Amino acid sequence: MSGTMSTLHAKVIVNPAAGASSTYRRWPRISRLLKHVGLSFDYQYTEGIGHAVELARIAASDGYRYLVAVGGDGTVNEVANGILYSTNPSSTNLGIVSTGTGSDFVRSVGIPRHYVNACSCLTSPRRALIDVGVVEYQRNGQTQRRFFVNAAGIGFDASVVEATERFPKYFGGTIPYLGGLMRTLFAYRNKQVVLRIDDRVETACILSVVVANGTHVGGGMFVAPEASLNDSLLDIVAIGDIGKFDLLKSLPMVYKGTHGNHPKVSMEKAARVSVESTERVLVHADGELLGEGPASFWLTPAALSVVVS
């Protein structure tokens, strides 16, 4: 453990509702583990959607150089947004103890998924400087902007997120996601879109466009096998006009990362992508529903410093 680290005082932002509210029960143990590894910290609970953004922005602007997110991918997204909107984004480090249902970002960045092991990494001197995605979308007739660390998307997967959010919260792991997926599958119709990838424009009928910075989404789907968090490029996975039966049959391929072989799936790296449609099409980022299209996605390279094992 480096000397600088022990003098760093961290602000720990805890989402008690994460992981089907199991984080509330686990926090006393996590708190003891953090003291045990020698982390000096104080903490705050989040009280609802968006609260972690505000807590993190204030903490980073007030001089905390180390913020730790305890929660799921949504909590990590909010704390990252708070850091990036603060007055000191480049000198603030993000630590993560993943207690959510999906834990997709930690798979991509290389932080242990089990919270006990993640706690011991928080005093590591190692940092990963990662790219951060930006998504611009529509909500209530206004254009809004959001940073994302792992993946964003438009179409089917955003509708799954909407259905998953309605699912009973006592299920953990991939069950809510698969439940939401099944519910969406029967009602969803593929969308006609105009897709701009860098300088190329095409019209297509798509199930979904996934814009990935990290490799995994949806609680372990290996959606962007080639993705890297520091290559200054987004990985665009466009899933074309695929039928329901074909989609179900192809799901195991997505977990293995072999879906690139499917004739209706295209994968490429790009700096920018935008999706427009005359139909209502939903947009999500890091597993949270944001709003609807039209949407644009791009990267801010090397924008966030993450503490890794």
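A surface patch here is made of residues with over 30% relative accessible area and no salt bridge, and nonpolar side chains are joined within 5 Å. With that in mind, let's walk through this predicted model. M182, F186 and L248 together make a nonpolar surface patch of about 300 Å². L248 is partly exposed, because its relative accessible area is 32% and partly exposed covers the range between under 20% (buried) and over 50% (exposed).

L248 also brings us to helix α9, which runs over residues 244–256. While L248 takes part in the surface patch, L247, S250, L251 and V254 of α9 are buried. At S250 the helix bends by about 40 degrees, and a proline, P252, follows within four residues. How does its span compare with what its 13 residues should give? At 1.5 Å a residue they should span 18 Å, and the end C-alpha atoms of α9 are 19 Å apart, which agrees. Just after α9, G257 takes a positive phi of about 85 degrees.

Now turn to helix α4, residues 73–84. Is α4 mostly covered or mostly open? Twelve of its twelve residues are buried, so the helix is mostly covered by the cut-off of under 20% relative accessible area. Among them are D73, N77, E78 and N81, along with V76, V79, I83 and L84. The twelve residues of α4 should span 16 Å at 1.5 Å a residue, and its end C-alpha atoms are 16 Å apart, in agreement.

Our last stop is S31, in helix α2 (residues 22–36). S31 counts as buried because its relative accessibility is 9%. The C-alpha atoms of S31 and M221 are separated by 30 Å, and these two residues lie 190 residues apart along the chain.

Methods: Residues numbered from 1 in each chain as written. Predicted model: local features only at pLDDT ≥ 70, side-chain atom pairs only at ≥ 80, totals over all residues. Heavy atoms only, no water. Patch = residues over 30% accessible without salt bridge, like charges linked within 9 Å, V, L, I, M, F, W, Y side chains within 5 Å. Areas by Shrake-Rupley, 256 points an atom, 1.4 Å probe, with all protein chains shown as cover. Salt bridge = Lys/Arg side-chain N within 4 Å of Asp/Glu carboxyl O. Helix = DSSP H or I, 4+ residues; strand = E, 2+ residues; numbered from the N terminus. Buried < 20%, exposed > 50% of the residue type's maximum accessible area, 1.4 Å probe, protein only. Expected span 1.5 Å × (residues − 1). Bend = angle between axes of the 7 residues up to and from the residue.
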